[in-house]
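User: Please give me a close look at a single part of this model. Then set that part against the rest of the chain.

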Amino acid sequence: MDLGPMALIAAAIAVGLGALGAGIGNGLIISKTVEGIARQPEAKSTLQTTMFIGVGLVEALPIIGVVLAFIFYAAA
């Protein structure tokens, strides 16, 4: 049985869901950071540092998805 087309569909789903999840996660992180800065402006630097760490961790998900897509594509 040829798994070529199925592997390509799996790659597309992995990248698409990774991007969707990262977009939602980044939106939530940034909106809560802006809300926190609006409530306590003196904590801006601490909140921004925590936000950048969180965004970096969230961005790891689509990178893993792209790596999986390359692996699926190579298997096709």
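Analyst: **A close look at α1**

The buried residues of helix α1 are G4, A7, A11, A14, G18, A22, G25, N26, T33 and G36. Buried means under 20% relative accessible area, exposed means over 50%, and partly exposed lies in between, with a 1.4 Å probe and protein chains only. The buried residues of α1 pack against helix α2.

The model is predicted: local features need pLDDT of at least 70, side-chain atom pairs count only at pLDDT 80 or more, and totals for chains, interfaces and linings use all residues. Numbering starts from 1 along each chain as its sequence is written, and side-chain values use heavy atoms, with hydrogens and water left out.

Start with the extent of α1. The helix covers residues 4-39. Helices are DSSP runs of H or I, at least four residues, and strands are runs of E, at least two, numbered from the N terminus. At 1.5 Å a residue, the 36 residues of α1 should span 52 Å. The end C-alpha atoms of α1 are 53 Å apart, which agrees. The expected span is 1.5 Å times one less than the number of residues.

N26 is buried, at a relative accessible area of 14%. Beyond its neighbours within four places in sequence, N26 is in contact with V55, V58 and E59. Contact means heavy atoms within 4.5 Å. L20 also sits in α1. L20 is exposed, at 51% relative accessible area. S31 is partly exposed, and its relative accessible area is 37%. Between S31 and M51, 20 residues apart along the chain, the C-alpha separation is 10.0 Å.

Now the partner. Helix α2 covers residues 44-75. Its 32 residues should span 46 Å, and its end C-alpha atoms are 47 Å apart, which agrees. M51, G54, V55, P62, G65 and A69 are buried in α2. These buried residues pack against α1. V55 is also one of the contacts of N26.

G65 shows the pairing from the α2 side. This residue lies in α2. G65 is buried, with a relative accessible area of 6%. Setting aside residues up to four places away in sequence, G65 touches A14 and V15. A14 is itself among the buried residues of α1. The C-alpha atoms of G65 and A12 are 9.2 Å apart, although 53 residues separate the two along the chain.

Finally, the whole protein. The model has 2 helices and 0 strands. The radius of gyration is 17 Å, well over the 11 Å that the globule rule gives for 76 residues, so the protein is more spread out than a compact globule. That radius is taken over C-alpha atoms, and the rule is 2.2 Å times the number of residues to the power 0.38. Along the principal axes, the C-alpha atoms fill a box of roughly 60 × 15 × 10 Å. Of the 76 residues, 22% are buried. Among contacts between residues at least 6 apart in sequence, 78% join residues at least 24 apart.
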